[in-house]
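The sequence and the structure are shown below.

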Amino acid sequence: MLVPRDWLPALQDVRSSTIEVEGSLVELASVMLMGSGHTFPLQTLLFYSLAESVRTLLKCRGKVSVYGDDIIIPSRMSHPFIAVMSELGFRINSEKSFYDLPDPDLPT
């Protein structure tokens, strides 16, 4: 649901669809597997697009910067962005995340 439909066949062609665990084949649901060459750029593009969409909808000033799963956004949009990510099944590692910090774009 998160990539253009015409990308899906190409992504399906380059992914591993099953792995062997203790002698049994396990069907994989994810397209973005760690270690696959397309995962990092696709993850960066996907997360950037989601963050920019939230920023635009909120009319929030400031920059969005994404490198893989490292995401820097204006603090004002942190909670809505986390809600969008959670709704899509992504989990935010709160131990490695910093938010609710003062936003330099907002008056103090």
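## A buried ring

Phe47 counts as buried because its relative accessibility is 4%; buried means under 20% relative accessible area, exposed over 50%, and partly exposed in between, with a 1.4 Å probe and protein chains only. The model is predicted, so local features need pLDDT of at least 70 and side-chain atom pairs count only at pLDDT 80 or more, while totals for chains, interfaces and linings use all residues. Residues are numbered from 1 along each chain as its sequence is written, and side-chain values use heavy atoms, leaving out hydrogens and water.

## Aromatic pairs

Two aromatic pairs are found in a search of the whole structure. Rings of Phe, Tyr and Trp (its six-membered ring) pair if their centres lie within 6.5 Å; planes under 30 degrees apart are stacked, over 60 edge-to-face, and the rest tilted.

Phe40 and Tyr67 form an edge-to-face pair, with 4.9 Å between centres and 75° between planes. Phe40 is partly exposed at 37% relative accessibility, whereas Tyr67 is exposed at 57%. Phe47 and Phe90 also form an edge-to-face pair, at 5.0 Å centre to centre and 90° between the planes. Phe47 lies in helix 2 and Phe90 in the segment after helix 3 (78-87), so this pair ties together parts 43 residues apart in sequence.

## Helix 2

Helices (H or I, at least four residues) and strands (E, at least two) are DSSP runs, numbered from the N terminus. Buried residues of helix 2 include Leu46, Phe47 and Leu50. Just after helix 2, Lys59 takes a positive phi of about 50°.
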